[in-house]
Amino acid sequence: MGNKNHHAHHFESAAAEFEASKQGLWVFLVNEVLFFAGLFVAYAIYRILNPDLMHEAHKYLNWKLGATNTVVLICSSLTMALGVTAAQKGQQKKSANLILVTILLACVFLVIKYFEYMHKIHEGLLPGGLFSYHEPIHPKAPQFFSVYFVLTGLHGIHVIGGIVVLAWIYMRTLRGEFTDKYFTPVECTGLYWHFVDLVWIYLFPLLYLAS
Amino acid sequence: MFFGADNAGVMKLYCEYKQMKSLLKGAWTSMFFVTEALAQTGLPPQGTEYAARFDSLYNFLIGLSAFFFAIVIIGMVVFAIKYRDRAGWKAKYIHGNTALEIFWTAIPTVLVLIVFAWGWILYKDIRTPPSDAMEIKVIGKQWLWQFQYEDGRTLVNEVYVPVGKPVKLIMTSDDVLHGFFIPNFRIKRDVVPGMHGYIWFEATKEGRHQVYCTAYCGTAHSGMLASLYALNEKDWSDFQRGKKINVEPAHIPLAFGGVAPNDSGAAPSSGGSLAEQGKKLSQTKGCVACHTEDGTTRIGPSYKGLWGSKVELADGSTVIFNEDYVTESIYEPNKKVVKGFVPSMPTFKGQVSAEEINALIAYFKSIK
Amino acid sequence: MSHDNHHSGGSHEEHKHHILPESMGIKIWLILLFFTFITVWIAQFDFGAWNFIIAMAVATFKATLVCMFFMGLKYDSKENVVIFCTSFLFVTFFMILTFADVLIRSDSIPKGEAFFKTASGPAKFKKPWNSTPEIVAHGKALFDAQCVTCHGSAGQGNGPASAGLNPKPRNFTATDGWKNGRKPSVIVGTLTKGLNSMPAFATLPAEDRWALAHYVTQFGPSIDKDSPADLTKAGVDTSKDVIGEVVSKSVPVDFVIERMSEDNR
Amino acid sequence: MSHDEHHAGESSNYLNHGKGIMSWLATLDHKRIGIMYLWTTLLFFFFGGIAALLVRYELIAPGQTIMTADQYNKAFTYHGTIMVFMVIIPLIPAALGNFFLPMQVGAKDVAFPRLNLASYYVYLAGAALATSTLFLKGVDTGWTFYTPYSIRTGTNASMVVMGAFIMGFSSIFTGLNFIVTIHKLRAPGLTWSRLPLFCWALYATSIIQVLATPVIALTTFLLFLERAMGIGIFDPALGGDPVLFQHFFWFYSHPAVYIMVLPGMGVINEIIPVFSRKPMFGYTAMALAIFGIALVSFVVWGHHMFVSNQSDLANFLFSLITMFVAVPTGVKVFGWVATMYKGRIIFKTPMLYAFAFLFVFTIGGLTGIFLATLASDVHLTHTYFVVAHFHYVMVGGTIMAFLGGMHYWWPKIWGRMYNETQAKLACLVIFLGFNVTFFPQFVLGSRGMPRRYYDYLPEFTALNRMSTYGSWMIGAGLLWVAIYMIYAIYRGEKASSNPWNAMTLEWQTTSPPHHENFTTIPKVTDGPYEFKDA
């Protein structure tokens, strides 16, 4: 892949390779949707069978931090989208800066998440068997915190993965590897990043605002 | 290490090798086994009237399968021979035949729907026990079966039931999944910790019926066997009076896992009937402080006339006062609170065992 | 979809790539922020079941905006739209059929222990590593409920379920065959980690495991006592009244690593 | 990676294109990755087979024969886990599919060659992690990892489920790659209605892989967390629901059955027209049936749970929907037989395997109806009837088709021919051995012998013994195949580029194929099975 305008030997044009890569990423996102689906099913079952559970348990989550994180992720989605636009137009400098802002916003998200987690761990609001809060909340509260930790934890892992990929894209942009003819990795990373945002858009009302 | 291949294991393998050699010496021995094997086809004996109806479905399925299998295989063999590659023979180009394709899509569709309906009708039968069925509680544990009777007796790995009367087994597990399977009755149900499943049957054939554990449960899974004895009227009344039953000696064929019947269980235990044990428990566990059996309301509802009735809950929904509701309410008392009461009962999780809950259930049932 | 029937020259090169205008991106962003605010604001009011429906409707609206504009699905090929939407079809299958069982099962609503036993209330025994008649009695109750099926009520390892086991369950009345000694701390270790076909009873509270250990040592001809060094080795802080693990407030990572390393031993 | 430009004349092919071990380990050539997959899966097939022979030997007589109950439980767990996750799932798609799918669509490679290589190493890592537990306490849960036993067992279930988790990603990568390859890289003129049915089958398989595998990834991950820290979602002792685990597990594992079987059907779809010298009877119906099966496979998982205390409504729905699997399956079976009608049947080894497949798969499919019917499933489930049924489908369906495919494509892969006589005899031994092994198990099951039993009542001895003898026949047959096939690679007669006169694109290039498959991308003008034999 020495030459940036070169396309892999098995595609007959750069455009064909771009279309294939993008479709590959969409298929990957399908797989991601199904990956999270199981947890949403578990969430729904515990919620429907225990109508008061979410009402009791969600009070122990800090909705202000959750809302802040929602805003942070939506902003990062915007900077990512603008970064992709800039890359498509060949404005590499601008694209690099916007990607950098996206990375910083992702880090802000993780820092806020870290404080939330530390607070829960300190209080003993832990998943399942580790649950040791000093007063009973609801018989199924440990299950709620299991779902909470696994869902947000897996989402957090996706954010960390996103940061790694974004950093790689940032380096490549700085090196000038992308042009208005070749920007596949930037656009695909963008798709992935928006998906991370998409998951959070559902997680926030489901976990923090459930009443 | 996986197979723990120590010296003893190697020696054993060597012995086995020698054994095998002598076994293979007579090739005709294998022929003998084949004949014997073929003589054993078919289903186990029919122990209930349901088993006979099951067998008609099964035989229908065998017939149906044999028919379609014959079509496919005869077609394949005939075509392979008739149209074999030979000089001067050319393949005829046929791309398909829509009418034929529709035909062989439609016919199986109709047939499988018939099979489905038949299966569902029979299945409904084994899911609908008569209301007067005698109840026996079953608890699966690694690796034995416990049977609790209403009169307080607990038997291990053997259970006695009357012939010609419906019996309902209410089953739960103490540890992992088990499966309760009586081949002669053609019924089976997984026994799941934290849930109460049931099966029911009405034995028509006197004698011993084999019970297997069918859900893999660890080391001695294949040793988790029990015997179900269907007793005639005289034996059954003897059994109810606590007399020792003289059925044919339990067939304990296994070199491994054959568990001797537990003699001590044959007479009612010192605690009195199951319902009496439950009554004692309700006193020792402090239930009586809030719940009465005479209909007066204290902090919680009275047990009187509660069993089997519909209870209205605080949130307006209703629930049947049954095994599951009782178990749930003992373990998670404030999840489904009866309308008009304050959620204040403490949990008895870890303080009341599955056996004790069964006793309490028998007690609640006895309060009419 | 003739263009994907063959990738022969031309059709792809002429395909004009859609670029999201910056002003459009910012508009979408503002709408998303506005609806985030709406979600939070509306959650203060109690509309009963409608709260959930409104929250999900808003989330779905937001998600659709992100998909259509930020992810460009509106301008993308139909193939990709179909691919992405398929996932939701299958999630629906997954949900509906699982619900058809779990939500209407009459006899199988998930229940059982509400709380992890180690966290269930205050400790009943002070310094459970010391054998007292009370704790031995507690151990007997536990033993009769949990252990007799294999070990037998007299602790001879001949319970009804022992027939199938190889090696045979421990005979507590004999002194031979104890590789690590018969001290209570060792028995607690076995209870915690399991041994051969004996399952681990780590879910029992630590004091219950000690109670069992004290009870089963009583079967033997002699009673071995733990030295302070044994207790320290078993992780007991003798200066305290309770076992340290009763209330776990530490980060679970250590716990997980410990369980993992035990798995791999 | 810019490609090598010096093609040294006729003899240049993918096998001699690069030299040295690194030219294999770091290759991006789909053919070489396919070969690496082939050898690795066959290695695991060997291990899984050894475990199977041990299990069968233990069962030759009641009581203890060669191992203890715990060792037996581990043996059948390893047999199931290895065969399902490491052999049958990747066997046809990742080995034969990787090699032939790009060639059949007339492409130079799959869409994402690096992802393809990554998928191989991910698979290797997962398989290594799972099998390394052999030396770390083993695992005895059965391949289904049902809770709560899998939570409580003292054996090393955590590592095995993480192995399955990792292997899941390999499967997803392969599926993703195939979907995009089929969408984007078809040769000029290769319309959907001219696509070989093997590609159709792999396409449907890939869709299942992408849609279902993430669910098993999540399930195994949750089980791992359940064991590591007790999250209480599946553990009844912590308030969880063990039956929910079964839903999660079978939402993947039922479609996974079709990940195993559909590619096998695809192989048979290639073999039968070629050796009948006649187009596939009802091409469109065949392609639609593949998709029908794939779609229905997602909504029938509950038929594994009829006695699990699942609600009666769910039982009703799942039984009803399961019945409809029989319809597209019937369409396929009838279609294969009808393709032979008025054909010119050539008795070569691949066709013999196709006959064997039809025989065995029909039995497997028909006995499936017994297990889809509620009442009869209640009696037959958890018994040897189920064991026999899924071996008839998986071994009979997948392994027979795989062996057929191996014999069909071996000359293309290596450019050399195997010994036809030996191949035919070995096929006969395997076919007979298979039926001797598994047919008695139907009888055992209907008479009530539960599965996963280390010990059994003496009345079951004769049938078990017969079954064990059969397992030796299969073992001997497979060993024979391995010997003459490996011999063929080195000493076999040179094969022509199209020994079977097939029309699909992989036969329109040299044997073994050129590094980039085709010197010029072919143009397709007709369907895949229009032989036009004069």
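The structure is a predicted model, in which local features need pLDDT of at least 70, side-chain atom pairs count only at pLDDT 80 or more, and totals for chains, interfaces and linings use all residues. Residues are numbered from 1 along each chain as its sequence is written, while chains are lettered from A and ligands numbered from 1 in the order in which they are written.

**View 1. Helices α8 and α12 of chain D cross in a left-handed manner.** Helices (H or I, at least four residues) and strands (E, at least two) are DSSP runs, numbered from the N terminus. The axes of α8 (residues 242-276) and α12 (residues 349-372) of chain D come within 9 Å and cross at roughly 120 degrees. Axes here are lines fitted to C-alpha atoms, for helices over the stretch in contact, and angles run from 0 to 180 degrees between N-to-C directions. α8(D) and α12(D) are therefore oblique to each other; angles under 35 degrees count as roughly parallel, over 145 as roughly antiparallel, 65 to 115 as roughly perpendicular and the rest as oblique. A crossing is left-handed if the near helix is turned anticlockwise from the far one by less than a right angle, and right-handed if clockwise. Two residues are in contact if their C-beta atoms, placed from the backbone, lie within 7 Å. Ala, Val, Leu, Ile, Met, Phe, Trp, Tyr, Cys and Pro count as nonpolar, Asp, Glu, Lys and Arg as charged, and the others, Gly among them, as polar.

**View 2. Helix α4 of chain C meets helix α10 of chain D.** The axes of α4(C) (residues 78-102) and α10(D) (residues 312-323) come within 6 Å, with a crossing of roughly 140 degrees. α4(C) and α10(D) are therefore oblique to each other, and the crossing is left-handed. Leu97(C), Ala100(C) and Asp101(C) on α4(C) meet Leu313(D), Ala314(D) and Leu317(D) on α10(D). By class, the contact of α4(C) with α10(D) has 5 nonpolar, no polar and 1 charged residues.

**View 3. Five strands of chain B form an open, mixed sheet in the order β4-β10-β9-β6-β7.** β4 (158-162) and β7 (187-191) of chain B stand at the edges with a single partner strand each, so one side of each has no neighbour in the sheet. Neighbouring strands of this sheet are turned by 25 degrees against each other on average, direction ignored. β9 (residues 207-213) and β10 (residues 226-231) of chain B pair in the antiparallel sense over 5 bridges; two strands pair if DSSP finds at least two bridges between them. Tyr229(B) in β10(B) is the bridge partner of Arg208(B).

**View 4. Strand β6 of chain B is mostly covered, with 5 of its 5 residues buried.** A residue is buried if 20 or more other C-beta atoms lie within 10 Å of its own, exposed if 12 or fewer, and partly exposed in between, with C-beta atoms placed from the backbone. His178(B), Phe180(B) and Ile182(B) point one way from β6(B), whereas Gly179(B) and Phe181(B) point the other way. β6(B) and β7(B) pair in the antiparallel sense over 5 bridges, and Ile182(B) stands opposite Ile187(B) in β7(B). These two strands form a hairpin with 4 residues between them, and Arg186(B) in the turn has a positive phi of about 60 degrees. β6(B) also runs antiparallel to β9(B), to which 2 bridges join it; Phe181(B) stands opposite Tyr212(B) in β9(B).

**View 5. Chain B is in contact with chain D through 87 residues of chain B and 87 residues of chain D.** The elements of chain B that give two or more residues to this side include α1 (7-25), α3 (49-82) and β6 (178-182). The largest share, 15 residues, comes from α4(B). By class, this side of chain B has 52 nonpolar, 21 polar and 14 charged residues.
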